[in-house]
Amino acid sequence: MSRVLIAEDEPRIASFIEKGLRANGFTTAVAADGGAARAQAASGEFDLLVLDIGLPVMDGFEVLRRLRAERNPIPVIILTARDSVQDTVAGLEGGADDYMPKPFRFEELLARVRLRLATDRTAELTVLTCGDLSLDLRTRRARVSEATVDLSAREFALAETFLRHPGQVLAREQLLSHVWGYDFDPGSNVVDVYVRYLRRKIGAGRIETVRGMGYRLVEA
Ligand code: CA
């Protein structure tokens, strides 16, 4: 049974995450400030840390920085406000494994928790590939053939979604809810815009438009 530490100072959100994880067979504990989070994460009793950025005593970035400075390899999923993506990217460079923009659906967090725990055990899952396109989920690097491609956080998330479903047609709504979250306007054309960005970076032929249905990743 996996043990998850939830560092979150808002009781409503902490309880939402805790109830959901327990219902899915996880053991949980909540730390309501950064000092407690750091101490409990350092205890070695947890397999994963869900870490809010805005915490009293010590913020999430500082908790993460200290854990990594102590060479603590615990997988960390950062919870962040949707408008703080720049900060979040900085957090990922500081050694977080993934991030979850608030607000989120519980299933989205659960998928990330499961992925991180699985990734931790099986190294091959840290790199997703389709033909000569690859994404390293730990370093957040994308490669086409041998060349590194710079992707923004959203582009990376979009590419990751495609690489998890190679050859499958993904509807705009699916991509929207997976990459942008449920509260995004379903009438938005943001998916099409980002598919265009991604095509420019990884090669237009890799993402096919399936008329009236969505998009599909194919080997170039
Ligand atoms: Ca907070």
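Predicted model: local features only at pLDDT ≥ 70, side-chain atom pairs only at ≥ 80, totals over all residues.

Student: Where is Arg112 found, and why is Arg112 called buried?

Tutor: Arg112 is found in helix α5, residues 106-121. Its relative accessible area is 16%, and buried means under 20%, so the term applies to Arg112. Leaving aside neighbours within four places in sequence, Arg112 is in contact with Ile77, Asp98, Tyr99 and Met100.

Student: Which residues coordinate the calcium ion?

Tutor: The calcium ion is coordinated by Asp9 (OD), Asp52 (OD) and Gly54 (O), at 2.2 to 2.3 Å. For calcium the limit is 3.2 Å, so these atoms count as donors.

Student: How do you know that the pair Asp9 and Asp52 links distant parts of the chain?

Tutor: Asp9 lies in the loop between β1 (3-7) and α1 (11-23), whereas Asp52 belongs to strand β3 (residues 48-52); the two are 43 residues apart. The donors follow the spacing D-x42-D-x1-G.

Student: Why is Asp9 called partly exposed, and what term applies to Asp52?

Tutor: Asp9 has 30% relative accessibility. Partly exposed covers the range between the 20% limit for buried and the 50% limit for exposed, so Asp9 receives that term. Asp52, at 5%, is under the 20% limit and therefore counts as buried.

Student: What makes α6 largely enclosed by the rest of the structure?

Tutor: Of the 12 residues of α6, 11 are buried, so the helix is largely enclosed. Among them are Ala153, Phe156, Leu158 and Phe162.

Student: How does the reach of α6 compare with the expected one?

Tutor: From its first C-alpha to its last, α6 reaches 16 Å, close to the 16 Å expected at 1.5 Å a residue.

Student: Which residues touch the most other members of the largest nonpolar core?

Tutor: Of its 30 residues, these are Leu151, Leu158, Phe162, Trp180, Val191, Leu198 and Ile207. Elements giving two or more residues to this core include α6 (153-164), α7 (172-180) and α8 (190-202). The most comes from α8, with seven residues. Apart from this core lies another, of 22 residues, including Leu51, Met58, Leu64 and Ile74.

Key: Residues numbered from 1 in each chain as written. Heavy atoms only, no water. Helix = DSSP H or I, 4+ residues; strand = E, 2+ residues; numbered from the N terminus. Buried < 20%, exposed > 50% of the residue type's maximum accessible area, 1.4 Å probe, protein only. Contact = heavy atoms within 4.5 Å. Core = buried A, V, L, I, M, F, W, Y, C linked by side-chain atoms within 4.5 Å. Expected span 1.5 Å × (residues − 1). Donors = N, O, S within 2.8 Å, 3.2 Å for Na, K, Ca; no water.
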